[in-house]
Amino acid sequence: MAQSWINLAYLIASALFILGLQGLTSPRTARNGNLIGALGMLVAIVATLVDRKIISFELIALGIGVGALLGVVAAIRVQMTAMPEMVAILNGFGGAASALVAATAVLAPEMIPDVPPLQLYGSSAASSLIGAVTLTGSLVAFLKLAGWLNWNPRGGAYQMLSGGSALVALALSVWYTADPSRLELFWALTAVSAIYGVLFTASVGGADMPVVIALLNSLSGLAASATGFVLNNNVLIIAGSLVGASGFILTAIMCKAMNRSLWDVLSGDLGEAGAAGPSADDVYAGRIKSAGPDEIAMLFDVATKVAIVPGYGMAVAQAQHAVRDLANLLESRGIEVVYGIHPVAGRMPGHMNVLLAEADVPYDKLLDMDTINPMFPEIDVAIVLGANDVVNPSARDQKGSPIYGMPILNVDKARTVVVVKRSLSPGFAGIPNPLFANDNTLMYFADGKEAVRALTHAVKEL
Amino acid sequence: MDAFIAALTVFTLAVFVGFAIIEKIPPTLHTPLMSGSNAISGISIVGALVAAGGEESGLAKILGAVALALATVNVVGGFLVTHRMLAMFKRKK
C-alpha cells in the first residue's frame, strides 16, 4: 500500500482518538468514546500491517499474542480498589514500549532514511530518557501502591544523587545527539535515566501518589510523542501529545487539590506537619459530642437532604455497598441523598467515583467539590465517612496550618455533621480537625462498615 | 529542518487540542480517562509492528518484539479495563 494511503489511515486514527476523548466529557457518551478510541487504534494497526515494510509475521504474532493475553487477564481480574496499581503498570509499559521503539530506530537507522539525523538521534535520546524514567518510576510507584516497597529516602545526599542522575542523563542525551556513532552513549543515557526514575519516585510519600501517577501518565504520552519525532509519524505525535496533555492537567488538578507544589511532591517535602497550630487537646478537650446509631437515626426523621462525604477510609473498610443500602433506604423515605467527592478522596484522580459506581451508586448523585460546596447550608445531615483532612476547616480559616489554602468540602456549613471514625486520630497532614469539636458535629466512633449497617438498622426501626 | 518544524507544528497543535478537551472531562471520569489514555499511549505499537516484522535483524528485531508485547498490553488492557469501568456508571433509575 502506498505510504500516502497509510498516512491517510493514520490521520483517521488520530481524529478517532480525539473524538474518543471528546466522548469522555460526559458519562452518557463515555462508553462510546472509549469504543471510538479503540476503533482508532484498530485502524492504525491494520494500516501498519498492510505496509510493505512488514515481511515476516512470526514475531508479530508472538508479541501481540503474549501482550493481548496479559492485557485481557489484567483488565478482567483487577479489583477497582487496585486501579492505581494497574494504571501505574500501564504507564510504565507505555513508556518502555516507546523507548524500545526508539532504540530499534537507533540500531537500524537505514529503515527510516527520510528522517534527518539530528532529528532522529535527538528524538531517540529524548524518547529513551523519558521512556526509561517512566518505566522504572512506574514500577517503584506500583510497588509502593501495592505495599510491597516502603522506602522513603530523604536528605541531602539522596537529593544530590537524584538531581545528579537527572543532569547526567540530560548531558549524555546531548552528547549522544552530537555524536550518534557512539552507541554506548545511548545505552548509558537509558541506564542513567532508569536510575533517575527509581530515585525520583522513591521519595514520594503515600499521600502524594495520585500526583505521581498522573505525572507518569503524562510522561508515557510524551515518550510516545518523542518516538513519533523519531519515526516522523504523526499518529504517534498526536496520540502521545493528547496523553501528555491529559496527564499534565490531572497532575495540576491533584497538586491544587492537595495544596502542594509539584516540587514539594517530587522532593518528598512534607511541609511543616504539626509544627504550628493548636494541639489535639486544645482543640478537642470537652467539646466532643459522641452519638450512637439510634440518636443519629433520629436526625433522618426530620431531614429532607442528606450528603455523604466519603474518603478512602470508606473503601478500605469496604463500606461502599453498605453506604448504598443506607442511601436507598433514606431515599425510600423521601430524603434526597447526594455524595460529595473531593478530588483526592481516592488513591488516584476520580478513584472514589469508580468505587461508588461499582456499588451501583448512580453517577448523577456523585457531586464534585465545586458543585456541592454551595449546597451545604441547605443540607440537613452530612455524613463524613473515612475522610479527615479534606473536611478540615483549618484549611479555610487557620493561616498557620500546614493545610491552609487547600480546597476542602465545607461540611461544617451543613445543619448537622455526623463523622464516622474509629478515633480522633489525625489524617495524613497530622493535625487536629476542629470540625470534630463543632457544636453541630456528632462523632460516631466505630468501624465504617459496621457503623453504616447499624445506622441502616436503626433507621428501619424508626 | 522542514520535516522537524512540520512535526513540531503537529505536536504543538495536538497539545492545545488535548488541553481544550481534557479540561472539559468531569472529575467523575478521571480514572477512566487515565486508563483510556494508557491505551492511547500504546500507539507506539505502530512503530513496534514495523520493527518486529520488518527487515531489521538481530537486537533491533528482538527489542521490537518486546516493545510490541508491552504496547499490546497497554492497548488491550487499557481499552478493556476502561470499558469495564464505564459499564458501571449508570444513571438514576
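Let me begin with A:Gln318, which sits in the loop that runs between helix 13 (312–316) and helix 14 (320–332) of chain A. Please keep in mind throughout that this is a predicted model. A:Gln318 is not a glycine, and yet its phi is positive, at about 55°. Most residues other than glycine have a negative phi. As for its surroundings, A:Gln318 counts as partly exposed because it has 13 C-beta neighbours inside 10 Å.

A second residue to look at is A:Asn232, found in the loop between helix 8 and helix 9 of chain A. A:Asn232 is not a glycine either, and it has a positive phi of about 55°. With 19 other C-beta atoms within 10 Å, A:Asn232 is partly exposed, since a residue is called buried at 20 or more.

Now to the contact between the chains, to which chain A gives 98 residues and chain B gives 79 residues. On the side of chain A that touches chain B, the elements giving two or more residues include helix 1 (3–23), helix 2 (30–49), helix 8 (209–231) and strand 3 (366–368). The largest share of that side comes from helix 9 of chain A, with 16 residues. By type, the residues on the side of chain A that touches chain B are 61 nonpolar, 30 polar and 7 charged.

Finally, which helix of chain A holds A:Ile76? A:Ile76 belongs to helix 3 (residues 58–77), and it counts as exposed because it has 11 C-beta neighbours inside 10 Å. Between A:Ile76 and A:Leu367 there are 291 residues of separation in sequence, and their C-alpha atoms are 28 Å apart in space.

Definitions and conventions
Residues numbered from 1 in each chain as written. Chains lettered and ligands numbered in written order. Predicted model: local features only at pLDDT ≥ 70, side-chain atom pairs only at ≥ 80, totals over all residues. Helix = DSSP H or I, 4+ residues; strand = E, 2+ residues; numbered from the N terminus. Buried ≥ 20, exposed ≤ 12 C-beta atoms within 10 Å, placed from the backbone. Contact = placed C-beta atoms within 7 Å. Nonpolar A, V, L, I, M, F, W, Y, C, P; charged D, E, K, R; others polar.
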